[in-house]
Amino acid sequence: MQLREPLQTILNLKGNSFLLPIYAAVIAEVRRSMDDWVPIHNLNEFRDFLHSLGLTVLEDCIFQPLVPNERIGGVQCSPTTRARGISMKSAPNPVANTTVHVIVSKRRQWAEAALYEAWYPLSISGDRLLLRPKVDALRLGHAFGYPECCAEAFMNLNEWSTHSHLSEVFKRSEVLNWQANCFAMRTPLTPICHIPCRYDCPKTVALTTAVLESVCHFDPDYAFQIQRYLLGTFLVLNEAVGFKLRNARYSGPGFVGFSSIDDLYGTSSDINKHVKQIKDLILGAQAVALEEGMIVTIANGMRQWYEPSIHAEWFEDPFIATFT
Amino acid sequence: MIAEQQSNCSISQHLIAEISQLRADYTALIALRLAAVRDLIQAECSDEADETLFNEAWAVFAGLKGNGLVKALEDPFLDSWIVDTNRLFATGVHKRCRRTYLSRILARFSAIVINSVQLAGLSQASARSMLIGAHGIPVLSGDALVSRQSSGRLIVKWTWMAGVLTIRNATNNDLLLEIAERTDQPRSLVSGWRLQISRPFLSFKVFSGPLSGAQHAAPVAVDTYDSFLGAYPELPVLAQAIIACMINTVALRDDHHPFLGAWLLTLAPVTSEEVLKQLGASLARIMVQVYGFRSAGRLLASDVGLDCVGALGERIARILKSSTGLHQPHSLQLEDLLDICSNPRAGEGALSFSYGRNDIDFVSFARAANVSGSPLDRWSEKRVHSGGEERLVRWELLDAFLTLGRKQQRCLLETIQGSGSQEALDYARACISYNEGDFSASANHLTQCLKADPRCENYWLLLAFCCRHLGFHDLFEEIVFYNARKAEVLGQMWSRINATT
């Protein structure tokens with residue numbers, strides 16, 4: 001991925017291309033603040049570079065990835081974060097992918113407000129998870145500058161073991177507006193980092209428009225790529241399993257054919273046996289449909305299906321959505 | 001030697017009595033749970049109950065009587081079906097995802113009844129069942145697939161007569177599957193059923209519950225089980241089956257499938273004095289523990305953690321590998337659970353002081369104050385002590401207070417105050433202050449709580465969050481990362497709060 005400055009330097013320093021549009025938005029004060037994870041060996045350089053852009057960087061703590069199968073009390077309560085929290089005062093043993101959680105903002109006051117709320121479920125002393133009180137999620141949404149309606153909806157719907165938040169939003173959406181498409185959140189091509197209250201939420205649409213304008217200021221091609229990616233057809237089970245169906249077209253009763261698919265979460269989601277099963281099924285298919293709430297695929301003329309399980313770690317409620 | 005044998009024999013007698021009592025309790029309670037679930041279905045989704053042939057299946061089940069009914073109630077599929085159905089209703093999934101989950105689970109009952117009537121020992125029965133997704137008929141503890149042509153709906157007509165089960169396609173009357181009883185050459189360890197396949201019979205997973213589409217051609221557990229049989233040919237029948245349970249649990253643990261309970265309940269009917277005598281006393285005791293553990297969880301209508309069951313499985317494995325066995329009885333968990341089982345919500349009926357050693361329990365307060373918002377069971381959280389078995393603070397009470405308006409909060413506080421528990425009152429005030437963003441006040445109440453219980457992690461960790469919000473990031477880290485649980489931390493916090501105010 002080749003971008004224009006300053007986005008390219010930020011990408012180089014943090015070592016991945018996630019959240020780059022949000023940096024543009026924070027520089028333009030379209031977003032109050034954001035958080036990110038920076039490789040510990042690049043922290044000083046990263047901080048200096050962002051200071052040169054007029055940004056404040058506050059460090060929270062070190063995220064050290066858990067070793068696979070490490071026994072942490074309550075780890076099953078954290079669907080996405082799998083790390084041990086370490087104070088910045090400690091000198092951690094060098095471990096691959098060790099990062100520092102940072103808050104970035106144009107104003108120090110905004111950065112501090114976000115830092116207070118931005119606790120993730122990390123493993124702490126005693127090898128156990130420390131969960132965040134629910135109310136802090138609402139406060140964090142406010143500190144980051146998410147629409148109030150979306151932060152409220154998050155409080156009610158983000159019960160990942162009993163709800164598919166994305167599916168519930170789909171059910172309450174009348175129109176699927178690409179500017180409220182949040183499925184690319186784990187890719188470099190997202191202008192928003194929150195789940196909107198509806199896929200036509202006017203405040204989210206306005207936020208996306210403003211974010212893309214700020215991206216356009218630095219890199220018009222990048223802004224165009226983002227827009228192009230968010231348009232189209234997606235198959236989503238929950239916040240851990242989702243796919244973009246490229247060149248999707250309706251082929252036969254209820255079936256959507258496609259030329260290829262993108263795994264929206266890739267290796268960022270925890271791959272257990274269950275998730276692998278559905279991914280293998282979809283990745284090998286040429287068409288997909290939903291029947292009786294199940295995902296039916298056609299792969300080389302063979303019909304296969306997947307039954308959402310009530311025992312899945314993440315609640316599964318599949319849907320196919322086409323954003324225009 | 002003789003004394004040891006006598007001792008083993010007396011332990012066996014004791015175990016048999018324990019199992020018998022567990023079975024009796026289980027059967028009685030599962031009947032009540034089943035009736036309650038059926039009432040829910042009729043009240044919430046009577047149309048789907050008709051459409052999915054649930055009602056037709058229920059009529060068959062309701063016709064069972066006496067000993068036949070008791071045996072049918074021991075059907076392991078029934079227990080896991082009730083757990084799953086309750087979960088759908090408790091979480092509102094039955095309203096939100098009617099197509100994805102509700103239809104399938106109602107249709108599943110219509111198939112489970114096929115197994116139940118066989119267990120009940122009826123001479124004959126017949127009805128229709130609906131199969132959605134994997135077209136499997138529950139047999140023993142697995143599913144026999146009758147078709148894999150489609151993931152859509154298939155209505156079958158089944159007939160049970162003279163020990164032979166016949167499954168036909170209800171639309172074209174094609175014979176799909178026939179299962180006949182043969183006791184002289186059992187294929188399974190747990191029963192004398194033998195499958196005689198007449199028409200497309202694609203797979204039979206002995207050690208799995210409901211199949212999902214992509215799994216049906218991969219009987220991994222069976223292979224693993226066979227290799228265990230080869231390694232331990234001298235093991236008695238029941239011990240072999242326990243190993244199978246263990247393998248199954250370990251294999252399925254990631255998927256959170258609660259099938260171990262199903263297996264053990266299947267085993268219960270074959271438990272006999274002769275089999276128990278063959279077992280080492282320790283192994284038998286653990287078997288009873290596992291059985292009781294799962295049963296207790298079921299009776300409470302909540303799934304017990306598979307981690308715990310996995311740990312028991314590992315213990316069984318160790319015993320089997322070392323021929324010496326264990327000499328210490330491991331009855332603590334079983335006894336604890338049976339105690340809970342017989343009295344699941346002690347003191348819940350009256351407004352008693354339930355702010356106890358193990359739970360920070362506001363259930364009775366919330367009920368007395370007649371608060372709405374969160375369900376009553378959310379008004380309780382585990383009291384976590386460092387070094388204790390419970391390590392995770394889940395903030396249920398903090399979250400529950402979020403659902404209350406000011407008037408209800410006041411009403412609840414008055415009720416707690418009336419109970420005379422200062423510690424409970426302080427924690428309630430700490431939660432309310434935290435949710436309202438008054439972190440100094442919350443820290444103040446938590447400091448009072450810590451005077452009552454200085455080892456309570458719920459108090460320390462919420463205090464840490466207060467420090468974080470107050471901008472005392474170093475104190476947050478002291479508590480969270482360096483495990484500082486001392487008066488100095490509180491002293492520093494208060495000197496800074498006082499300085500800023």
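**Figure 1. Salt bridges across the interface of chain A and chain B.** Seven salt bridges are found across the interface of chain A and chain B in this predicted model. One pair is formed by A:D60 and B:R468, whose closest N and O atoms are 3.2 Å apart. B:E478 forms a salt bridge with A:K89, with 3.8 Å between the closest N and O atoms. Because B:E478 lies in helix α21 of chain B and A:K89 in the loop between β3 and β4 of chain A, this pair joins two chains. B:E478 is partly exposed at a relative accessible area of 26%, whereas A:K89 counts as exposed at 53% relative accessibility.

**Figure 2. The contact between chain A and chain B.** Chain A contributes 58 residues to the contact and chain B contributes 60 residues. The area buried between the two chains is about 5200 Å², and carbon and sulfur atoms give 52% of it. On the side of chain A, the residues that lose the most area to chain B are A:E292, A:W305 and A:H311, which together account for 16% of what that side buries.

**Figure 3. Strand β2 of chain A and its pairing partners.** Strand β2 of chain A spans residues 56–65, and eight of its ten residues are buried, so the strand is largely enclosed by the rest of the structure. Six bridges connect β2(A) in the antiparallel sense to strand β4 (residues 99–105) of chain A. Within this pairing, A:L58 stands opposite A:I103. A further antiparallel pairing, over four bridges, connects β2(A) to strand β3 (residues 83–86) of chain A. Here A:Q64 has A:R84 of β3(A) as its bridge partner.

Figure 4. The side chains of A:D127 and A:R84 meet in a salt bridge with an N to O distance of 2.9 Å. A:D127 is placed in the loop between β5 and β6 of chain A and A:R84 in strand β3 of chain A, so the pair ties together parts that are 43 residues apart in sequence. A:R84 has a relative accessible area of 18% and is buried, because the buried class comprises values under 20%. A:D127, at 34% relative accessibility, counts as partly exposed.

**Figure 5. Helix α21 of chain B and its surroundings.** Helix α21 (residues 473–480) of chain B is mostly covered, with six of its eight residues buried. The buried positions of α21(B) are B:H473, B:L475, B:F476, B:E477, B:I479 and B:V480. In chain A, these buried residues pack against β2, α4 (108–117), β5 (122–124) and β6 (128–130). In chain B, the buried residues of α21(B) pack against α20 (457–469) and α22 (487–500).

**Figure 6. Nonpolar cores.** The largest nonpolar core holds 70 residues, of which A:Y23, A:F46, A:V104, A:L166, A:F183 and A:Y199 touch the most other members. Helix α2 (residues 20–27) of chain A supplies the largest share of this core, seven residues. Apart from this core lies another, of 69 residues, including A:I124, B:V363, B:V393 and B:L412. Residues up to four places away in sequence aside, A:L166 touches A:C182, A:F183, A:I195, A:Y199, A:V236, A:N238, A:E239, A:Y265 and A:F319.

**Figure 7. A four-stranded open sheet in chain A.** The strand order of this open sheet is β11-β8-β7-β15, with antiparallel pairing. Strands β11 (260–263) and β15 (319–323) form the edges, each pairing on one side only. Neighbouring strands are turned against each other by 25° on average, direction ignored. Strands β7 (residues 232–236) and β8 (residues 242–246) run antiparallel and are joined by four bridges. A:F234 has A:K244 of β8(A) as its bridge partner.

**Figure 8. Further salt bridges of the structure.** A search of the whole structure finds 29 salt bridges over all chains. In chain B, the side chains of B:E56 and B:R128 meet in a salt bridge of 3.0 Å, N to O. This pair links distant parts of the chain, 72 residues apart: B:E56 belongs to helix α3 (residues 54–62) and B:R128 to strand β1 (residues 124–132). B:E56 is partly exposed at 28% relative accessibility, and B:R128 is partly exposed with a relative accessible area of 34%. A network of salt bridges links A:E168, A:K171, A:D317 and B:R96.

Note on methods. Residues are numbered from 1 along each chain as its sequence is written. Chains are lettered from A and ligands numbered from 1 in the order in which they are written. This is a predicted model: local features need pLDDT of at least 70, side-chain atom pairs count only at pLDDT 80 or more; totals for chains, interfaces and linings use all residues. Side-chain values use heavy atoms; hydrogens and water are left out. A nonpolar core is a set of buried Ala, Val, Leu, Ile, Met, Phe, Trp, Tyr and Cys residues joined through side-chain atoms within 4.5 Å. Buried means under 20% relative accessible area, exposed over 50%, partly exposed in between (1.4 Å probe, protein chains only). Contact means heavy atoms within 4.5 Å. Two strands pair if DSSP finds at least two bridges between them. Axes are lines fitted to C-alpha atoms, for helices over the stretch in contact, and angles run from 0 to 180 degrees between N-to-C directions. Buried area is the accessible area (1.4 Å probe) that two parts lose on being put together, summed over both. A salt bridge is a side-chain nitrogen of Lys or Arg within 4 Å of a carboxyl oxygen of Asp or Glu.
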